[in-house]
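Grab your viewer and work through these exercises with the model open. Each one sets a task and then walks through a solution.

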Amino acid sequence: MIQAYNHFLTEYSSNFSARTRSVHKPNELKAVYGRIQSMNRHSAYYKIDLSREKQLFTLSLKDASLALADTLTELGKAFEHPTIINSAHSSDPEIVSAAFLDGEHTSYFEPFSVRVKALAKPQINTGQKIPSDAEGPAPAPYRFRIQTGADSYEFSYNVSMVSTNRDLMHKLANFINRSDIHILAKVEEDADHTSRLILSSEDTGLLPGEAEAFSIEDSVGEGSSPVGLVSYFGLDEISQRPSNAKFLINDEEKSSMRNTFVLNHSNISLSLKKAAKKEEVTISPETAGEQAIGELADFLKSYNALLTLTRTGLTGNRRSARLQNDLTHILSTDLDELGRCGIKRNEDFTLYIDSETMKKPETMQHLKTLFEEPDGLFAKLSHKMSDISLNPMDYVDKVVITYPNTKRAGFTNPYLTSIYSGMMFNSYC
C-alpha cells in the first residue's frame, strides 16, 4: 500500500489540477452510478495490456477531463449574473491588489487611482555582533523591561549555567516569542562565526504622537546582575524606525499604519505591495461577465492540454485519434459562433483568444448565448468530459473478447469501467 501511494505521488500527482471538482452529494453520486450502469450495458469484455505508460496516460486523461469540466462550470457561474460586480480589478496587482469584503453583489463604485509613495514598516532593533562560540554572560538572574505603547512588561530571565553566546541568544529569543507581546525575536548567524539578536515589532506603523513601537532596557534590582542582557547584546539599538504607509488616492495624500487596510466608507480592501512613486494603479469594478474573460483563458488552456494529451500522451495508441476527432467535431459545429466570441482555432486545432474581437461590446452577449443553449457547444463539451472521466479506458487500445448480452435481465456490469482505479496497485497486489 505504501509503495503504491509513493508511486502515485511521484508518477502522477503533479498532473492533478488544483481546481478539479469532486462529486459528494447523494443525488450526484446516484446520477454517476446510473450513468455507469447505462454505459456498461453496451460495453464489451476486453483484454488489455496495462503497461506503466498506459496507466499514467489513462489517469492523466481522467484528470484533464475533470479540469476542463471545472473551467466550464466556472464560466457558467460567471454568466449566470454577468452584470453583478463581484470583484475589484487592479491594473497592476504587483503594486496594489484590491478585494471586496463581501465577495459579491457589491454596489458599483467609481474607478480610482492609487500611487504608493512608501510602505508601512515595523521597528527593528539589531543587536551587536559577538562571537558565537564565546562564553556568554555569567550565570545570574537578569531583569529587563519592554514598553509597547501604554503597556509595560517586566521580564526576569535566569541564566543557570555557563553557555555560549549563540545558545543563550536562541533561548532568549524563544523566551521573548513565547511571551506574546507582539515582538518577534530571531538570531542571525554570520559566516564569520558571529551572531546577533534581532527584535522587530509584529505590527507596522505608528500612532500619532508616538516615536517608537517599543523600547527595551535593563532593570537593575536587588540580586540581579549589574551587567544586563540588553546592554550585553545591544538590544536597545534601533536600526529601522517604524513608519506608516504613504500613498495618494486620486492625488489626495493618505497614510495608514498597515499595508493592508479598508478604505473609509467602503468595503474595498487594498493591499500595498511595493512603493512606486511614479506609477499610478487604477482600481476599478469588475463584473462577473468581465471576470469570465480570465476564466475563458483557463478554459482554453485546459482544452488545449487535453487535445495535446491525445496526441503525445501515449505512443502508438490508435484510439487517441478517436478522442481527438470527437473534440474537433464538437467544436466544428459552432466554429463560426466561437469566432464571434473571440475564440479562434489554430492549424493544429488548438484554440486561442483573438484580443481584438474580445474588446467588442457584443462579444459578451455571444458568449452568454453559447452557455444558455441547453444543447449548445459548452453543454456538449461538458457531457463529453463526463464520459471521459467515467471511462477513460475507452481511449486505450485493447482486444475485444466478447460482446455483452444486453437481452439478459439485470445485466449491468457496473464496475467494469472502474478498471483504471486499480491500475496504481497493479504491481503491488
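A residue counts as exposed when its relative accessible area is over 50%, as buried when that area is under 20%, and as partly exposed in between. Keep in mind that this is a predicted model.

**Exercise 1. Classify aspartate 251 as buried or exposed, and say where it sits.**

Step 1: find the place. Aspartate 251 is in the loop that joins strand 13 (245–249) to strand 14 (252–256).
Step 2: apply the cut-off. Its relative accessibility is 53%, so aspartate 251 goes down as exposed.
Step 3: check the backbone. Aspartate 251 isn't a glycine, yet its phi is positive, at about 70°. For background, most residues other than glycine have a negative phi.

**Exercise 2. Locate the largest nonpolar core and say which elements give it two or more residues.**

Step 1: get its size. This core has 35 residues, and among those with the most contacts inside it are Leu61, Phe299, Leu327 and Leu381.
Step 2: list the contributors. Two or more residues come from each of helix 3 (52–80), helix 6 (288–312), helix 7 (320–332), helix 10 (363–372) and helix 11 (377–390).
Step 3: separate it from its counterpart. Another core, of 26 residues, lies apart from it and includes Leu168, Val187, Leu197 and Ala213.
Step 4: zoom in on leucine 61. Beyond its neighbours within four places in sequence, leucine 61 contacts Leu306, Leu309, Leu323, Ile388, Pro392 and Tyr395.

**Exercise 3. Which residues of helix 7 are buried, and why can you say they share a side of helix 7?**

Step 1: check the geometry. Helix 7 has 13 residues and spans 18 Å from first to last C-alpha, close to the 18 Å expected at 1.5 Å a residue.
Step 2: pick out the buried set: Ser320, Leu323, Gln324, Leu327, Thr328, Ile330 and Leu331.
Step 3: look down the axis. These residues cover an arc of only 155°, so they are on the same side of helix 7.

**Exercise 4. Describe the ring pair of phenylalanine 299 and phenylalanine 378.**

Step 1: take the distance and the angle. The ring centres of phenylalanine 299 and phenylalanine 378 are 5.5 Å apart with 65° between the planes, and planes over 60 degrees apart make a pair edge-to-face.
Step 2: Phenylalanine 299 and phenylalanine 378 are both buried.

**Exercise 5. Which residues does glutamine 128 touch, and is it buried or partly exposed?**

Step 1: find the loop. Glutamine 128 lies between strand 5 (124–126) and strand 6 (130–131).
Step 2: list its contacts. Leaving out residues up to four places away in sequence, glutamine 128 touches Ser195, Arg196, Ser231, Tyr232, Phe233 and Gly234.
Step 3: compare sequence with space. Glutamine 128 and glycine 234 are 106 residues apart along the chain, with their C-alpha atoms separated by 5.2 Å.
Step 4: classify. At 40% relative accessibility, glutamine 128 is partly exposed.

Definitions and conventions
Residues numbered from 1 in each chain as written. Predicted model: local features only at pLDDT ≥ 70, side-chain atom pairs only at ≥ 80, totals over all residues. Heavy atoms only, no water. Helix = DSSP H or I, 4+ residues; strand = E, 2+ residues; numbered from the N terminus. Buried < 20%, exposed > 50% of the residue type's maximum accessible area, 1.4 Å probe, protein only. Core = buried A, V, L, I, M, F, W, Y, C linked by side-chain atoms within 4.5 Å. Contact = heavy atoms within 4.5 Å. Expected span 1.5 Å × (residues − 1). Arc of directions from axis to C-beta. Phe/Tyr/Trp six-rings, centres within 6.5 Å; stacked < 30°, edge-to-face > 60°.
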